[in-house]
Amino acid sequence: MSKPIANPDLPAPPSGKYPAKAHARRVAKWIAEHGGPNSGIIFLEGQSTKMMEDDDQATHFRQRRHFYYLSGCDLPDCFVAYDLAADKSTLWIPPVDPEHVMWAGMPLLQKEALDRYDIDDVLTTEDLKSGESLSRLLGSEPATILTIEDRADLTLFDKMNAKPKIDFEWTRKAIEACRVVKDEHEIAMIRHANIISSYAHEQVMASVHRASNERELNAVFVMHCHANGCREQAYGCICAAGSGASTLHYVHNDMPLTGKLNLLLDAGCEWQCYCSDITRTFPLHGKFTKESKEIYTLVLLMQSECMKMIRAGVKWEDVHMKAHTVAAEGLRKLGLLNGSLSTQQILDSHITTRFFPHGLGHYLGMDTHDVGGNANYDDPNPFFAYLRIRGELPAGAVVTNEPGIYFRQFPLEQELKDGKWKDVVDEVVLQRYWTVGGVRIEDDILVKEDGYENLTMVKSDLDYVDAAVNGH
């Protein structure tokens with residue numbers, strides 16, 4: 001009997017209702033504590049069905065994340081309201097359409113939705129559009145509707161006798177602030193996405209000898225995610241061989257593997273709107289070359305030294321600079337940088353931003369690059385220009401720890417010709433490393449009061465990588 005594609009030994013996904021009501025209360029509390037209103041209605045529209053141009057097929061559906069946070073509802077064409085003062089949530093779902101049933105079967109019914117979602121009341125969008133349910137919700141006195149601009153059909157309120165005040169100030173910033181700190185259910189969902197993605201990464205490494213191009217390995221990853229219950233990818237997969245790995249957000253994913261040394265696979269699935277984000281780099285022909293192994297070992301050290309610093313209250317800029325410091329020392333020891341320079345002199349030159357140009361990591365949750373990081377892309381400091389998290393990490397946040405070293409020929413070669421890095425980079429030694437391409441190692445990390453928990457299951461030590469790609 002052939003082996004099934006799905007792995008029955010993987011842990012089951014988390015059970016129980018998504019805690020939408022608790023999230024709504026958290027948002028209401030944040031608004032009140034930061035000077036916002038204590039009463040009013042948070043009102044949001046979910047993603048609507050969108051049709052393809054010149055076709056009768058719907059485009060791929062992706063639920064709006066702020067809507068999901070307050071509803072847990074993954075259906076299109078829905079609305080949610082939360083009454084701050086009454087602590088009551090209402091969900092409107094599409095009614096039964098006989099013609100739609102003929103093509104697509106029965107939709108979720110009101111009673112079924114009430115059982116599935118953490119919501120106090122479920123009505124149909126027919127009730128919403130008639131104005132009856134809104135009138136009952138708002139009452140006879142003018143109310144405040146807290147919403148996000150362009151995230152709700154405000155013409156629905158035109159039928160109200162007492163026109164509500166529309167507030168665009170509080171909802172988005174409150175939800176984005178609250179989404180940074182995850183509750184246990186959210187952490188369980190991110191953990192499950194990591195379990196499935198980690199397994200898929202393992203299967204890619206085990207398949208490398210049978211593949212002839214990047215797209216085959218990309219397909220292996222997606223297949224194992226889908227087969228084990230995660231149909232959605234959290235982001236477009238980066239499956240980059242050889243020098244392609246020096247492109248941070250590589251998009252080809254179909255180039256031949258012939259003549260390439262290594263493969264960088266940055267890929268993660270999502271489980272019920274919650275993401276994973278994992279990167280592994282491994283040799284395509286069983287063994288790292290000397291130069292590849294040196295760079296892999298350096299990136300692994302960068303990650304492990306940063307990992308030691310992660311805990312609640314740590315300033316992310318400090319963790320990021322630790323990665324640059326380790327990179328500076330490591331590149332100097334390998335002879336790529338001038339050995340007579342001190343670590344501080346190397347950092348002052350900013351050369352490490354050419355080998356490690358991106359931020360150390362980002363928040364992870366319902367979005368891969370999750371909200372709340374307070375990035376400042378206008379920062380003139382080249383170390384921080386692409387840093388997606390600024391300030392202290394709170395307990396309960398999930399961050400990625402993803403250092404990398406890249407050998408991107410443009411613009412570095414041109415800068416060297418122009419003399420920009422004179423007496424900093426050893427160009428003779430550098431020639432031996434161009435074919436390494438790039439090495440990145442990325443894990444998803446839960447921040448705790450006294451440390452961290454690594455939610456990523458696939459290992460990254462050299463012995464494991466060697467065993468995985470050689471079928472051991």
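Start by selecting E317 and R390. In this predicted model, their side chains meet in a salt bridge, 2.8 Å from N to O. Now colour the elements they belong to. E317 is in helix α11 (residues 316–333), while R390 is in the loop between α13 and β13. The two are 73 residues apart, so the pair links distant parts of the chain.

Are these two partners buried or exposed? E317 has 9% relative accessibility, so E317 counts as buried. R390 has 19%, and R390 counts as buried too, because the cut-off is under 20%.

Next, select R62 and D367. They form a salt bridge whose closest N and O atoms are 2.7 Å apart. Where do the partners sit? R62 lies in the loop between β1 (41–45) and α2 (65–71). D367 lies in the loop between α13 (352–355) and β13 (398–401). The pair therefore ties together parts that are 305 residues apart in sequence.

R62, at 41% relative accessibility, counts as partly exposed. D367, at 17%, counts as buried.

Now move to K290 and E294. This salt bridge has its closest N and O atoms 2.7 Å apart. Both residues lie in helix α10 (residues 290–307). They are four residues apart, about one turn of the helix.

Last stop: the whole set. How many salt bridges are there? The count comes to 25.

How values were computed. Residues are numbered from 1 along each chain as its sequence is written. This is a predicted model: local features need pLDDT of at least 70, side-chain atom pairs count only at pLDDT 80 or more; totals for chains, interfaces and linings use all residues. Side-chain values use heavy atoms; hydrogens and water are left out. A salt bridge is a side-chain nitrogen of Lys or Arg within 4 Å of a carboxyl oxygen of Asp or Glu. Buried means under 20% relative accessible area, exposed over 50%, partly exposed in between (1.4 Å probe, protein chains only).
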